[in-house]
Amino acid sequence: MEGRSILILVCLGLFIIFITVALIIDVRYSKLPNKLTLSGTIFGLSFHSWSEGWDGLLFSLIGACTGFLIVFVLYVIGALGAGDVKLFAAIGAIMGVMFVMQTLVYAILWAGLIGLFLLLIQRKIRTTSRKLAGWLFSILALKKFESFFELKQQKNIKFPFMYAVFPAVAVTIYYSLL
């Protein structure tokens, strides 16, 4: 049992290094390089395969696919970039399905708070609220689902998603350790 605990701590420590490097690169260059995200995914698949065999490989593959597919939907509507999709595949490969899903929920909440803060600073709450209400009305009441994809063409407040992902990872790790 002690050997397994050490492996979990090693994986967690390397994951924290990985996510910190991703934060630094995304903040600095507004881009997550494929070398980084692919390395994270390969590490997760290799580590879990080596430490747990086929069960570990399955754990890692399911996590990677879950992270990739859920965030890919957000990419398609223009909410996130392709680097974020690959980042969440890596997070899933390293930490598994439950961790990647919890992190995504927390990241969306953090992104909402950050966005609201930026809107307050820039005094754009009223304008943005009207746009959002019109957009939701056209989708929900008028059933104009093509409006869903118009979000991609609009000028929106943008910031590196890692500003939201990093604290989301911290919260997920905290609640995972309780």
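**View 1. The second largest pocket of the predicted model.** In this predicted structure, the second largest pocket has a volume of about 470 Å³. Its lining comprises 21 residues, and those closest to the centre of the pocket are I8, C11, H48, F59 and M95. Sorted by class, the lining of this pocket consists of 14 nonpolar, 5 polar and 2 charged residues.

**View 2. Helices that line the second largest pocket.** At least two residues of the lining come from each of helix 1 (2–29), helix 2 (34–76), helix 3 (82–95), helix 4 (97–122) and helix 7 (162–177). The helix that gives the most is helix 1, with 6 residues in the lining of the second largest pocket.

**View 3. Packing of helix 2 and helix 3.** These two helices, which both supply residues to the lining of the second largest pocket, pack at an angle of about 155°, and their axes are 4 Å apart. Because angles over 145 degrees count as roughly antiparallel, helix 2 is roughly antiparallel to helix 3. The crossing of helix 2 and helix 3 is right-handed. By class, 17 nonpolar, 11 polar and 2 charged residues make up the contact of helix 2 with helix 3.

**View 4. Packing of helix 1 and helix 7.** Helix 1 and helix 7 likewise each supply at least two residues to the lining of the second largest pocket. Their packing angle is about 165°, with the axes of helix 1 and helix 7 lying 9 Å apart. Helix 1 and helix 7 are therefore roughly antiparallel to each other. The crossing of helix 1 and helix 7 is left-handed.

**View 5. The aromatic pair of F43 and F47 in helix 2.** The structure holds 8 aromatic pairs, one of which is formed by F43 and F47. The ring centres of F43 and F47 are 5.5 Å apart, and the ring planes stand at 35°, so the pair is tilted. Planes under 30 degrees apart would count as stacked and those over 60 as edge-to-face. Both residues lie in helix 2, where F43 and F47 are 4 residues apart, about one turn of the helix. The helix that holds this pair, helix 2, spans residues 34–76 and is one of those supplying at least two residues to the lining of the second largest pocket.

Notes
Residues are numbered from 1 along each chain as its sequence is written. This is a predicted model: local features need pLDDT of at least 70, side-chain atom pairs count only at pLDDT 80 or more; totals for chains, interfaces and linings use all residues. Side-chain values use heavy atoms; hydrogens and water are left out. On a 1 Å grid over the protein atoms alone, a cavity is a set of points where a 1.4 Å probe fits but cannot get out, and a pocket is an open set with protein on both sides within 12 Å along at least five of seven lines; lining residues have an atom within 4 Å of a point. Grid points are joined across faces, edges and corners, and a volume is the space filled by probe spheres set on the points. Ala, Val, Leu, Ile, Met, Phe, Trp, Tyr, Cys and Pro count as nonpolar, Asp, Glu, Lys and Arg as charged, and the others, Gly among them, as polar. Axes are lines fitted to C-alpha atoms, for helices over the stretch in contact, and angles run from 0 to 180 degrees between N-to-C directions. Angles under 35 degrees count as roughly parallel, over 145 as roughly antiparallel, 65 to 115 as roughly perpendicular and the rest as oblique. A crossing is left-handed if the near helix is turned anticlockwise from the far one by less than a right angle, and right-handed if clockwise. Rings of Phe, Tyr and Trp (its six-membered ring) pair if their centres lie within 6.5 Å; planes under 30 degrees apart count as stacked, over 60 as edge-to-face and the rest as tilted.
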